[in-house]
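Dear colleague,

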Number of protein chains: 2
Amino acid sequence: MLGLLRHARRHSTTSSSATATASAAAVPLTSPAFAVFGANTGVGKTLVSAGLVASLLASPSPSPSTVAYLKPLQTGFPDDSDARFVFDRAPSLLRLPLPAGGRATRLVASNHTLFPSPAVDPLPERQDTVVNYGGEEGVEEKALVCRTVYAWREPVSPHLAAEREGMPVEDEEVRWLVDRWLAEEDGGGEVWKVLETAGGVASPGPSGTLQCDLYRSSRLPAVLVGDGRLGGISSTLSAYETLLLRGYDVGSVILEDRGLSNDRFLLSYLRKRVPVHVLPPIPEDPKDDLTDWFSESSSAFSSLKDSLQSFHSRRIQRLNSMQRKSKDLLWWPFTQHDLVPVDSVTVIDSRFGENFLAYKVKDKKIVPQFDACASWWTQGPDSNLQIELARDMGYAAARYGHVMFPENVHEPALRCAELLLGGVGKDWASRVYFSDNGSTAIEIALKMAFRKYACDHGIIVDSEKDIRSEGSVHFKVLALNGSYHGDTLGAMEAQAPSAYTSFLQQPWYSGRGLFLDPPTVYIKNKTANLSLPPSICHDQLCDTCFSSLTEVFCKTRDTSSAANVYVSYISQQLSQYAMSNNSEHIAALVIEPVIQGAGGMHLIDPLFQRLLIKECKNRKIPVIFDEVFTGFWRLGVESASELLGCFPDISCYAKLMTGGIVPLAATLATEPIFEAFRSDSKLTALLHGHSYTAHPMGCTAAVKAIQWYKDPSTNSNIDLDRMKLKELWDGVLVNHLSSLPNVKRVVSLGTLCAIELKAEGSDAGYASLYASSLIRQLREEDNIYARPLGNVIYLMCGPCTTQDSCTRQLAKVHRRLQKLN
Amino acid sequence: MLGLLRHARRHSTTSSSATATASAAAVPLTSPAFAVFGANTGVGKTLVSAGLVASLLASPSPSPSTVAYLKPLQTGFPDDSDARFVFDRAPSLLRLPLPAGGRATRLVASNHTLFPSPAVDPLPERQDTVVNYGGEEGVEEKALVCRTVYAWREPVSPHLAAEREGMPVEDEEVRWLVDRWLAEEDGGGEVWKVLETAGGVASPGPSGTLQCDLYRSSRLPAVLVGDGRLGGISSTLSAYETLLLRGYDVGSVILEDRGLSNDRFLLSYLRKRVPVHVLPPIPEDPKDDLTDWFSESSSAFSSLKDSLQSFHSRRIQRLNSMQRKSKDLLWWPFTQHDLVPVDSVTVIDSRFGENFLAYKVKDKKIVPQFDACASWWTQGPDSNLQIELARDMGYAAARYGHVMFPENVHEPALRCAELLLGGVGKDWASRVYFSDNGSTAIEIALKMAFRKYACDHGIIVDSEKDIRSEGSVHFKVLALNGSYHGDTLGAMEAQAPSAYTSFLQQPWYSGRGLFLDPPTVYIKNKTANLSLPPSICHDQLCDTCFSSLTEVFCKTRDTSSAANVYVSYISQQLSQYAMSNNSEHIAALVIEPVIQGAGGMHLIDPLFQRLLIKECKNRKIPVIFDEVFTGFWRLGVESASELLGCFPDISCYAKLMTGGIVPLAATLATEPIFEAFRSDSKLTALLHGHSYTAHPMGCTAAVKAIQWYKDPSTNSNIDLDRMKLKELWDGVLVNHLSSLPNVKRVVSLGTLCAIELKAEGSDAGYASLYASSLIRQLREEDNIYARPLGNVIYLMCGPCTTQDSCTRQLAKVHRRLQKLN
């Protein structure tokens with residue numbers, strides 16, 4: 001069966017993208033499964049596997065009816081065959097005296113090698129045997145299924161053997177076969193699975209990927225076979241840390257006693273973390289058949305088995321309880337708790353690249369789900385970047401922890417500032433102000449803009465005098481309807497009224513802005529269309545269709561009829577406001593460049609934004625870009641200002657900046673903005689800060705992520721010539737989607753593909769639950785974890801997500817929407 | 001000399017607290033210094049050390065005039081002596097053909113063992129020799145100084161040898177001697193230092209502390225000797241990761257070629273990170289004197305030397321440039337840039353427990369500085385917790401990265417919520433709302449309180465109707481003058497006007513509160529005194545002095561005359577406000593319980609706050625505690641509510657919650673508060689959130705820190721009977737301080753000791769620069785990194801900082817203040 005599967009797999013996988021997509025399969029937790037890792041090579045992984053398998057088969061009820069052993073990668077074959085060793089030895093150990101209560105058992109055992117390399121000679125036969133033990137025959141049936149997947153002749157590391165013997169194997173193949181093996185079930189009885197890795201925890205597999213990385217997608221709990229030799233404490237602890245740095249849980253450590261008391265030290269060091277088991281010294285004489293040794297080891301293996309059993313039970317128990325507990329203790333943001341049934345809570349066991357690995361309580365399975373909302377638009381990592389970030393985060397925590405920032409400098413903050421100013425801030429920004437999230441970055445930006453406006457317009461002459469008391473000056477922002485900048489009050493004040501800003505939500509909100517209606521662009525029936533709000537008079541407008549999005553962004557439109565219409569609308573609004581509000585000043589423009597995110601994924605006509613910016617600059621009104629959503633390749637370019645073709649005075653970044661791993665925000669500003677705060681008095685400084693300003697962990701992650709995204713050697717989506725991402729959402733499929741009758745509009749740009757469904761009746765807007773049945777189907781049947789935004793559903797990937805992976809997800813959505821028709 | 005030093009050291013160190021205080025000494029960077037670590041034992045650390053030493057001595061100008069080699073821990077002595085090997089072999093290697101340009105040299109070499117264990121027999125003599133090489137005699141003088149510090153007879157791990165031979169050694173002794181060695185200088189010539197560790201990177205030292213932890217305080221860049229054997233890729237990479245998890249920079253990897261191409265793999269894997277050098281196979285014949293091998297290896301050692309030299313130069317160059325670059329690119333919070341001279345910028349190279357390790361540009365030294373402001377009050381870790389957090393952070397990043405929160409649950413968030421509700425929220429809170437920082441936690445708390453108030457007072461009857469438009473209802477907070485809750489607009493609105501809230505700083509601030517003047521308590525002349533504001537009529541007050549702070553917190557005061565005075569003041573203020581403001585409702589009380597932090601470290605009379613809370617509860621005004629500063633043992637108890645003896649309805653936490661490593665905040669609430677948001681409509685949910693809500697990294701850190709602080713096995717400051725911290729700031733010293741004429745008042749509670757200086761003239765308040773000369777002296781001469789808060793200077797430690805360490809810092813401040821008199 002597996003042979004056929006492999007063939008099928010080979011056909012469906014594109015080789016170059018295999019590692020990056022790294023899609024994981026469902027892992028059933030009905031069968032306890034463990035991966036045996038070694039602190040080094042030659043520490044006895046196979047002995048431990050055999051002992052554990054025997055102990056499982058021998059254990060009194062409840063005991064597994066089947067024990068499956070898998071050696072995915074074997075070198076030195078067939079002289080060395082760990083699977084054969086387990087097949088040979090485990091049954092024979094059962095003839096040893098059994099613990100009390102052991103029942104008579106008939107064991108059917110097999111051993112089989114799936115893919116020997118062409119150099120393997122002789123080719124091994126499948127082995128089968130039947131063993132009766134423990135009393136009279138036939139009372140209980142058990143099975144031992146041993147398998148080797150890939151086997152090479154030379155006794156060297158698999159990456160060398162694969163190269164030399166002409167049998168390369170891709171990671172995705174190994175993972176896929178392991179996943180299939182994990183998914184195999186016995187008809188009702190309990191199955192235990194033991195996977196034995198090759199070499200040490202960080203030994204390369206056939207493609208060069210380390211063992212710990214190769215098996216990360218299924219994140220099997222580890223049995224770490226430690227090293228009892230001189231130096232073994234060090235290699236055991238280092239191996240343990242390498243496993244932690246891949247997100248593994250270590251269920252047990254087991255090691256040979258070589259008279260150096262390594263176990264005693266490890267027991268004390270790992271106390272409260274991992275149980276440590278000790279084996280008697282392994283005879284060094286190769287002629288010793290180990291019968292005595294296994295006999296002496298049986299209590300160690302039995303306690304290993306017990307502690308793994310208890311590890312597994314505790315894990316399942318906790319996972320099963322988490323939905324209930326979360327309903328009882330947590331208070332989710334943006335969530336009406338009474339509308340969340342307890343069994344719809346998603347239990348996230350881990351993340352692997354673009355996927356959640358979610359625990360399905362009903363099926364007792366860990367299921368990968370594509371994180372289609374990129375965890376609130378934060379996510380950048382593929383599975384490789386995630387591991388890189390983990391290592392860097394560990395290093396930053398150990399080197400810096402956190403250190404305070406004012407008047408200080410540390411490498412991660414400085415390097416991060418350099419990369420920001422050389423990237424998203426290139427050619428305009430000269431200063432970086434760090435804070436914690438998009439909302440605080442906006443509050444800081446507003447303070448910067450207001451000060452600059454006040455200076456430029458001669459409003460503050462005396463820093464000691466508070467002009468507020470005179471009631472003569474009020475600052476407002478110019479912004480667009482549908483905009484969103486965060487949930488702290490200052491950020492809220494800069495957005496137009498909505499359900500978010502009601503008295504019920506924030507009694508202090510007053511909406512301090514002039515909010516314009518923006519024209520938008522969308523795709524419907526394979527065409528890009530312009531949509532004008534009623535407030536913009538459009539008699540003069542000739543064309544509201546475009547051949548492509550490229551045309552929409554083209555600067556030649558600056559002289560089009562639309563440009564005239566826009567400029568007159570903007571000027572008229574500004575004059576009208578100025579006339580009717582004597583003491584009020586428009587002191588800043590705040591926009592989300594190109595795409596309004598939370599407002600419903602609207603592509604604002606870039607021409608309109610470009611002209612708006614120009615009008616503001618003419619009036620010396622500072623321009624703020626809220627790039628919290630749009631920054632760092634979200635829209636296919638590092639900064640959305642590249643799409644607009646103009647620069648702000650101030651710009652805000654967060655979300656993707658750290659690779660999507662910890663909160664950090666930055667407000668970038670031009671030197672003239674900074675100058676407005678300089679003087680010889682502390683009172684004119686920007687007195688705003690947060691405890692963790694420029695925290696080294698966040699800056700370290702940002703340094704890695706910013707570089708990773710734009711380096712073609714780490715991000716194969718980068719089109720170096722144009723410094724853009726390749727098209728991630730297949731254009732043809734997007735056009736098809738846009739032609740479906742139940743689709744109102746599509747917006748596809750960079751990592752975003754948003755689809756607005758046609759609303760039924762009048763129940764549109766945030767409160768709408770229209771898209772929810774679609775969302776449910778995507779989550780439950782297509783393994784796509786999406787969240788609606790009113791009537792809008794969207795898919796969002798990371799800057800490094802492969803086109804293949806995007807296409808797979810988009811095709812699922814397409815199929816689902818077709819069916820809904 | 002070192003013998004005497006050791007004796008002195010033994011006297012000055014209290015043994016039990018040695019590990020936790022872990023104070024580091026200055027490390028000069030004028031001498032390049034590297035630590036040689038091994039991927040395992042027996043990988044050739046000593047051969048590499050000898051080869052490197054020889055290469056340094058042989059290198060043409062500019063070359064070091066002295067090479068110092070140190071073996072801090074040697075076992076198997078004197079049969080094995082790595083220092084003797086280097087002493088014997090390095091000079092002999094110099095007789096080998098030299099690179100072109102080598103000058104004639106006279107080398108004076110010595111080898112010396114400082115502390116052999118009592119079991120060592122025979123005791124080794126000091127060795128001296130003179131070698132001439134490279135041409136005619138006497139042109140250049142060089143020195144090779146080899147030293148072993150501690151030596152044990154048995155060839156086992158130092159922790160076993162130390163135990164068996166009765167020569168235990170504490171970590172602080174080893175560190176102190178290493179620091180002394182690092183500080184030694186040659187008269188002007190360049191000195192290179194090579195420290196060879198024992199065993200593998202994670203092998204235990206004599207106390208059981210791992211090598212990588214033992215030497216972390218000086219954070220010498222590492223030379224990692226990799227493993228060329230089968231399995232060596234794994235052990236090399238694991239060892240590399242263990243070093244990263246301690247914050248080390250690895251300057252080079254070097255390993256033997258054993259025909260397995262380990263070097264080729266490592267070269268590719270570590271590309272762009274670390275240079276990898278390869279040595280020819282080491283002869284296995286013990287009779288081989290290695291002359292040929294060293295000869296073949298000379299180019300490898302030479303390239304190792306070159307890459308270390310270049311590593312060192314790049315490091316220094318970068319460190320030297322950081323002040324200038326930070327002035328050019330960064331925008332510090334709360335800082336007037338023009339008042340920060342470029343050479344006063346603190347370059348922070350790393351953190352180790354409570355200390356910054358700051359680079360002093362002028363002296364080219366890394367100097368430890370006690371972080372007396374606990375990095376804006378965030379810091380909890382001692383050096384052990386820091387390493388634990390690093391490991392946990394790496395694990396969390398690898399397991400979860402970040403995953404979104406609404407309607408989801410993951411282990412770190414759930415566990416963190418459980419710990420919060422079982423700790424700071426015990427007996428009152430039932431829900432946890434996560435956000436990013438103190439400011440957002442407060443904005444959320446206000447939204448919670450307002451909703452609850454509206455419900456309780458029948459203000460919202462229809463969720464669709466916006467009562468704001470009617471202008472009939474305005475919500476205000478009740479708060480105290482001098483309070484601070486963060487810098488986002490909503491949090492600012494809840495605090496009284498100050499320099500922070502001026503039009504210049506935030507044109508949108510209006511101060512939506514009734515701000516009362518609180519009575520405060522302080523220590524002066526060894527007595528606790530009550531200070532009443534003029535607005536509180538105090539004719540009836542009998543007593544304004546207390547025997548101790550315990551009396552101040554005593555609940556019996558609830559029936560004192562002060563209680564009457566306070567209640568009548570509070571009632572009067574509330575009635576007066578209600579009468580004069582028809583449409584305005586006091587809809588929340590917001591206080592920092594017990595101590596106002598940013599407002600100047602004022603201890604508010606707890607009786608006053610208790611009564612204020614009672615009055616609010618009587619009026620169904622929800623009570624918010626801002627515990628961002630006071631929470632998690634900052635004041636000696638887990639929550640300041642324990643000191644007040646009453647509970648809030650809502651409470652905010654951040655800062656110390658994550659152990660001070662990444663931003664995370666939590667707003668805790670009672671079930672009735674939560675109920676006010678429940679319905680069958682999403683519109684009544686709390687529509688506030690941040691991208692990284694409940695991010696797994698932050699929650700993981702919080703889970704570790706919250707448990708660590710209160711576990712007596714990890715925090716020896718915990719007084720289990722009273723669940724309080726021991727007195728950290730010596731009471732006698734605090735009293736002395738309070739009696740100094742230039743001290744106005746002292747507040748000492750938990751981890752905080754604040755001292756207000758007597759202001760000269762009228763220039764008090766935030767703008768004051770009065771304390772700045774004292775601060776400069778503390779930073780430059782006492783290695784205490786303090787920051788003033790107006791006229792207040794303060795010392796703040798972590799919950800686990802030892803009393804010894806606190807006393808040392810406080811004594812320095814005392815001395816400094818005495819001198820200032």
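**A strand and its neighbours**

In chain B, strand β2 pairs with strand β8 (residues 222–225) in the parallel sense, over four bridges; strands here are DSSP runs of E of at least two residues, helices are runs of H or I of at least four residues, and both are numbered from the N terminus, while two strands pair if DSSP finds at least two bridges between them. Within this pairing, Phe37(B) has Leu224(B) of β8(B) as its bridge partner. On β2(B) there are also four bridges to strand β7 (residues 191–196) of chain B, and these two strands run parallel, with Ala33(B) standing opposite Lys193(B) of β7(B).

How many of the six residues of strand β2 (residues 33–38) of chain B are buried? Six of its six residues are buried, where buried means under 20% relative accessible area, exposed means over 50%, and partly exposed is in between (1.4 Å probe, protein chains only). Ala33(B), Ala35(B) and Phe37(B) point one way from the strand, whereas Phe34(B), Val36(B) and Gly38(B) point the other way.

**How to read the model**

This is a predicted model, in which local features need pLDDT of at least 70 and side-chain atom pairs count only at pLDDT 80 or more, although totals for chains, interfaces and linings use all residues. Residues are numbered from 1 along each chain as its sequence is written, chains are lettered from A and ligands numbered from 1 in the order in which they are written, and side-chain values use heavy atoms, with hydrogens and water left out.

The average pLDDT (the predictor's confidence in each residue, from 0 to 100) of chain A is 92, and 92% of its residues score at least 70. Over residues 1–22 of chain A, however, the pLDDT is below 50, and this stretch has 45 contacts in the model beyond near neighbours in sequence, a contact being heavy atoms within 4.5 Å. For the complex, the predictor gives an ipTM of 0.96 and a pTM of 0.96.

**The two copies**

**Rings and charges**

Over all chains, a search of the whole structure finds 52 aromatic pairs; rings of Phe, Tyr and Trp (its six-membered ring) pair if their centres lie within 6.5 Å, and planes under 30 degrees apart count as stacked, over 60 as edge-to-face and the rest as tilted. One of them joins Phe356(B) and Tyr785(B), whose centres are 5.0 Å apart and whose planes are at 75 degrees, so this pair is edge-to-face. Phe356(B) lies in strand β12 (residues 355–360) of chain B and Tyr785(B) in strand β31 (residues 784–785) of chain B, so the pair ties together parts that are 429 residues apart in sequence. Phe356(B) is buried at 0% relative accessibility, and Tyr785(B) is buried with a relative accessible area of 0%.

In chain A, Arg779(A) lies over the face of Tyr785(A), 4.1 Å from the ring centre; a charge sits over a ring if NZ of Lys or CZ of Arg is within 6 Å of the ring centre and within 35 degrees of the ring normal.

With best wishes
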